[in-house]
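Here are my notes on the model you sent over.

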Amino acid sequence: MHLTLYQVDAFTEEPFRGNPAAVCVLPSPREAYWMQDVAREMNLSETAFLVPVADGYHLRWFTPTREVDLCGHATLAAAHVLWETGLLDPSEAARFSTQSGTLSARRRGGRIEMDFPAEPPREAPLSDALRGALGLAGDPVFAGHNRMDAFVVLPSEAAVRALTPEMTRLGAIDVRGVIATAPADDDGIDFVSRFFAPACGVPEDPVTGSAHCCLGPYWQQRLGKDDLVGYQASPRGGTVYVAPRGDRVLLAGHAVTVLKAEMVAGA
């Protein structure tokens, strides 16, 4: 049996920008070890695996080293593939059952809009281990965490862009990843961020949808805005439109398919 794999750049309208994800639509469930092998072979921050179920698709995400509970850019990529290949009519919403509950995506205003759970940060002291791994000399504006990630607010966009974490030390901290953020300098952008997840085999993620489930509620409260624009300032970069709505967050962006490949061995 041959399987088709798609590589989609998410949270961008341009190829080779945003965050690349692989998407594989399976006719039936496969073993976790096999999906992990495929994700390791793809060597992208996430590979998404879809299996048709009665009310949509079952969706799982794997980094090159582990399965994760929530991923935004690969969900956006998965919905994009379903519509682009005709597996789902463009007028229909994509519904996914996942380890983080039911997620959905729909086309709205030229973008793909996803409905995700809010993951706001809880304030907590910054550990010496995290301070040292990030190379911070002074205190952050705010430090905390949610159920997945550590969260650090720095005083300026320049401070976020200047971060050069020690990845070995950062990977030893018991979190999925670390979100660093600050107010944006540019008009039209509310905040900038970066996301580091060496413990998951992803030293720096280009654009992290799930991190915006944390960023959105924080910046909504701080800026007093219900509709926000975030820019993830990685080398590839990408824009995420964020609308916190109580215990949910709407995340929107664009996607473009850059590769289509047939798996001829190991399928």
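**Notes on the model**

1. Start at Ser91, where the side chain makes a polar contact with the side chain of Asp89 at 2.5 Å. (A polar contact is a pair of N or O atoms within 3.5 Å; within protein, one must be able to donate a hydrogen and the other to accept it, and residues adjacent in sequence count only if both atoms are side-chain atoms.) Ser91 sits in the loop between α2 and β6 (94-98); helices here are DSSP runs of H or I with at least four residues, strands are runs of E with at least two, and both are numbered from the N terminus. Ser91 counts as exposed because its relative accessibility is 67%. The cut-offs are under 20% relative accessible area for buried, over 50% for exposed and partly exposed in between, with a 1.4 Å probe and protein chains only. Arg108 is 17 residues from Ser91 in sequence, and their C-alpha atoms are 9.8 Å apart.

2. A word on ground rules. This is a predicted model, with residues numbered from 1 along each chain as its sequence is written. Local features need pLDDT of at least 70 and side-chain atom pairs count only at pLDDT 80 or more, while totals for chains, interfaces and linings use all residues; side-chain values use heavy atoms, with hydrogens and water left out.

3. Now try Ser100, in the loop between β6 and β7 (101-108). Is Ser100 buried or exposed? It counts as buried, because its relative accessibility is 13%. The Ser100 side chain reaches the backbone oxygen of Asp69 at 2.7 Å and makes a polar contact with the side chain of Arg147 at 3.1 Å. Leaving out residues up to four places away in sequence, Ser100 touches Asp69, Leu70, Pro117 and Arg147, where contact means heavy atoms within 4.5 Å.

4. Ser234 is another one to click on, in the loop between β15 (228-232) and β16. Ser234 counts as buried because its relative accessibility is 8%. Its side chain reaches the backbone oxygen of Pro206 at 2.8 Å. Neighbours within four places in sequence aside, Ser234 is in contact with Glu204, Asp205 and Pro206.

5. Thr239 belongs to strand β16 (residues 238-245). Thr239 has a relative accessible area of 23%, so it is partly exposed. With residues up to four places away in sequence not counted, Thr239 touches Phe11, Val229, Gly230, Tyr231 and Ala252. Gly253 is 14 residues from Thr239 along the chain, with 6.9 Å between the C-alpha atoms.

6. On to the cores. A nonpolar core is a set of buried Ala, Val, Leu, Ile, Met, Phe, Trp, Tyr and Cys residues joined through side-chain atoms within 4.5 Å. The largest has 54 residues, of which Trp61 and Phe96 touch the most other members. Helix α2 gives the most to this core, with eight residues. Apart from it lies another core, of 19 residues, including Leu134, Ala150, Ala182 and Val192.

7. Helix α1 (residues 32-42) has Trp34, Met35, Gln36, Val38 and Ala39 as its buried residues. What covers them includes β1 (3-10), β3 (46-53), β4 (56-62), β5 (67-68) and β18 (255-263). Asn43 follows α1 and has a positive phi, near 60 degrees.

8. Last, the holes. How many cavities of 30 Å³ or more does a search of the whole structure find? Two. (A cavity is a set of points, on a 1 Å grid over the protein atoms alone, where a 1.4 Å probe fits but cannot get out; lining residues have an atom within 4 Å of a point. At least two lining residues come from each of α2 (72-84), β13 (191-197) and β14 (202-205).

9. The second largest cavity has a volume of about 40 Å³. Elements giving two or more residues to its lining are α5 (167-171), β12 (177-183) and β13. Among its lining residues are Leu170, Arg176, Phe196 and Pro198.

Methods: On a 1 Å grid over the protein atoms alone, a cavity is a set of points where a 1.4 Å probe fits but cannot get out, and a pocket is an open set with protein on both sides within 12 Å along at least five of seven lines; lining residues have an atom within 4 Å of a point. Grid points are joined across faces, edges and corners, and a volume is the space filled by probe spheres set on the points.
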